[in-house]
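Hello,

Here is the structure I promised to pass on to you. Please open it alongside this email, and then read on for what turned up in it.

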Amino acid sequence: MKYLDPINTQAWVELKKHFEQIKNVHIKDLFYNDSNRFEKFSINFDNQLLVDFSKNRITSETVNKLLQLANEMKLKSSIQSMFNGEKINYTENQPVLHVALRNQIDKKMIVHGENIMSCINKSLKKMQIFSELVINKIWIGFSNKNITDIVNIGIGGSDLGPHMVYDALTPYRNYLKVHYVSNIDGSHLLNVLKKVNPETTLFIVVSKTFTTQETMINANSACNWLLKYAKHKKFISKHFCAVTMNIQKAKSFGIDEQNIFELWDWVGGRYSLWSSVGISIMLSIGFKNFMKLLEGGHAMDRHFLETDFKKNIPVLLALISVWYNNFFRMETEAILPYDQYLHRLPEYLQQANMESNGKCVNRNGKLVTWQTGPIIWGKSGTNGQHAFYQLMHQGTKIIPCDFIAAINSHNELDDHHKILLSHFFAQTKALAFGTNSDIIFNDFKNDIEFKNHALPFKVFLGNRPTNSILLKKVTPYTLGLLLALYEHKIFTQGVIFNIFSFDQWGVELGKILSKKIFVKLNKTLNISSYDSSTENLISYYKQWKE
Ligand SMILES: O=P(O)(O)OC[C@H]1O[C@H](O)[C@H](O)[C@@H](O)[C@@H]1O
């Protein structure tokens, strides 16, 4: 089967022409010319989530042409293929079924002739029993004390999602403290071990493959640390659990089979927080809240699957992103949560999007000649305002942004939240509308020096696009909605780019080379086999190593 490239669609040709007509149109004029712009370009999802995409450099014509692109790229049937469990992760010969993990209506989902819903429900039950034993202080450590601290050892998808949700749902946490260790830098693990007591700490080794070097080394060191105190290997079962697809490896590590939570090859690491990879989330917010998170994810799945593309939030946001990325050649997108508890969202979405869509080969195995995944970055508001917003407002680069906030805070402290949101609304307005020299000039009309010299520096040109995403409140349910929204946005982008979004071969080369270089770092003999830069870096390592 030959997949169509986006540049070979009729819509692409038309979008190119349309771009030439619209590229200099200012957002402020789009608003002045259309008093219904907000109604046209915003979607209220069930009074829980509002997406306002009116402050974008788009018209109804742009949206129509982008929708035509989605249709020509057969987005509808691609979505159905994912939900039907077809092997859309072609290079790994796997289906992609994170949507099954939150399939709350228990609709049959068949993989290799089996209904995977029974495995999922069994796994959820096991997670529930386990988390309740720990939360209810029935699970005890080697000295018969109950557990107070959980250490999640994992990296990439086995860390970023759970860690982000753990922080995002801080108000729902119980007394258990979860620590996340990912980096192979020994400082990460040591800093956590300094804070916890071996008698009351439970380690969860989370690795889909159970071969990831960072995780295995950290898990080994954590185990040695525990055994220094517990003295006997039989106690590993009281302090170590695993989440993995590789049951054999986890068992050979010494983890009791009872303590192994299963994962499946049809769940991608960066889409896995909804599975047993999220056990640290369940331990901290309890089973019911975890189920609410899945419920939110499922509600967004249905919206994505069932809603006409004209009103389909992930589809529209993805298409707008393609518009900027490919026609305006804007290379990055900023994620700006105006919510302290959502501060890990940019980092989480960085992996979700960049590992999925950072590809330069299309589904036919040919190099692409169009732009694929954007660079994702960001920081929580208002901190970002005091760091990089200068460039966003007045720099030469234009950065489409997602502003995200909740209308109701979990911590109503004086006017803090009102002020926070006033910044959100002000920034999106300033970015879109800017301010013209007349207004500034009027403020300073008696100041001749200002008029002559300072004016250009004070002008904000505006026309900088943003999406505003408002949640009624950050709850497990609305967080589920938001995260699934982004997952489906990424999926849609991948279909339009005609790439495979669910593999990540690009992470392999560095891993292979690091193993070879590790051996060289240990050798006293210098055998040159690399380029002069790498050789000299290695030689400096050897000279300076104390
Ligand atoms: O869960 P693991 O098998 O340990 O994998 C952890 C991470 O490592 C890999 O390098 C991939 O790039 C990530 O997608 C994955 O989430």
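Let me begin with a loop: Phe210 sits between β7 (201-206) and α10 (213-230). Please keep in mind throughout that this is a predicted model. Phe210 is not a glycine, yet its phi is positive, at about 60°. Is this residue buried or exposed? Phe210 counts as buried, because 25 C-beta neighbours fall inside 10 Å and the cut-off for that class is 20 or more.

There is a second case of this kind further along the chain. Asn498, also not a glycine, has a positive phi of about 60°. Asn498 belongs to the loop that links α20 and α21 (508-522). With 22 other C-beta atoms within 10 Å, Asn498 is buried.

One more backbone detail for your list is a cis peptide bond between Gly381 and Thr382, where omega is about 5°. Thr382 is located in the loop between β11 (375-378) and α16 (389-394).

Now for the overall layout. The domain assignment divides the protein into domain 1 (6-72 + 307-502), domain 2 (112-291) and domain 3 (506-544). Taken over C-alpha atoms, the centres of domain 1 and domain 3 are 42 Å apart.

What about the interior? In soluble globular proteins, nonpolar side chains tend to be buried together. Here the largest nonpolar core holds 139 residues, and Ala70, Ile153, Ile204 and Leu319 are the ones with the most contacts inside it. Helix α20 (residues 476-497) supplies the largest share of this core, 13 residues. Domain 1 and domain 2 each give at least three residues to this core.

Which residues does Ile153 contact, leaving aside its neighbours within four places in sequence? They are Val181, Phe203, Ile204, Val205, Val206, Thr215, Asn218, Ala219 and Ala222.

The crossing is right-handed. On the α15 side, Leu349, Ala352, Asn353, Ser356 and Asn357 make the contact, and on the α20 side Tyr486, Glu487, Ile490, Gln493, Gly494 and Phe497 do.

The second pair is helix α7 (residues 117-135) and helix α13 (residues 279-306), whose axes come within 9 Å and cross at roughly 60°. α7 and α13 are therefore oblique to each other. This crossing, too, is right-handed. Met127, Gln128, Ser131, Glu132, Val134 and Ile135 are the α7 residues involved, and they meet Ile279, Met282, Leu283, Gly286 and Phe287 in α13.

Last, have a look at His410, in the loop between β12 (401-408) and α17 (416-433). His410 counts as partly exposed, because 16 C-beta neighbours lie inside 10 Å. Which distances relate His410 to Tyr172? The two are 238 residues apart in sequence, and 9.9 Å apart in space from C-alpha to C-alpha.

How values were computed:
Residues numbered from 1 in each chain as written. Predicted model: local features only at pLDDT ≥ 70, side-chain atom pairs only at ≥ 80, totals over all residues. Core = buried A, V, L, I, M, F, W, Y, C linked by C-beta atoms within 7 Å. Buried ≥ 20, exposed ≤ 12 C-beta atoms within 10 Å, placed from the backbone. Helix = DSSP H or I, 4+ residues; strand = E, 2+ residues; numbered from the N terminus. Domains from an automatic or database assignment. Contact = placed C-beta atoms within 7 Å. Axes fitted to C-alpha atoms, helices over the stretch in contact; angles between N-to-C directions. Parallel < 35°, antiparallel > 145°, perpendicular 65-115°, else oblique. Left-handed = near helix turned anticlockwise from the far one by under 90°.
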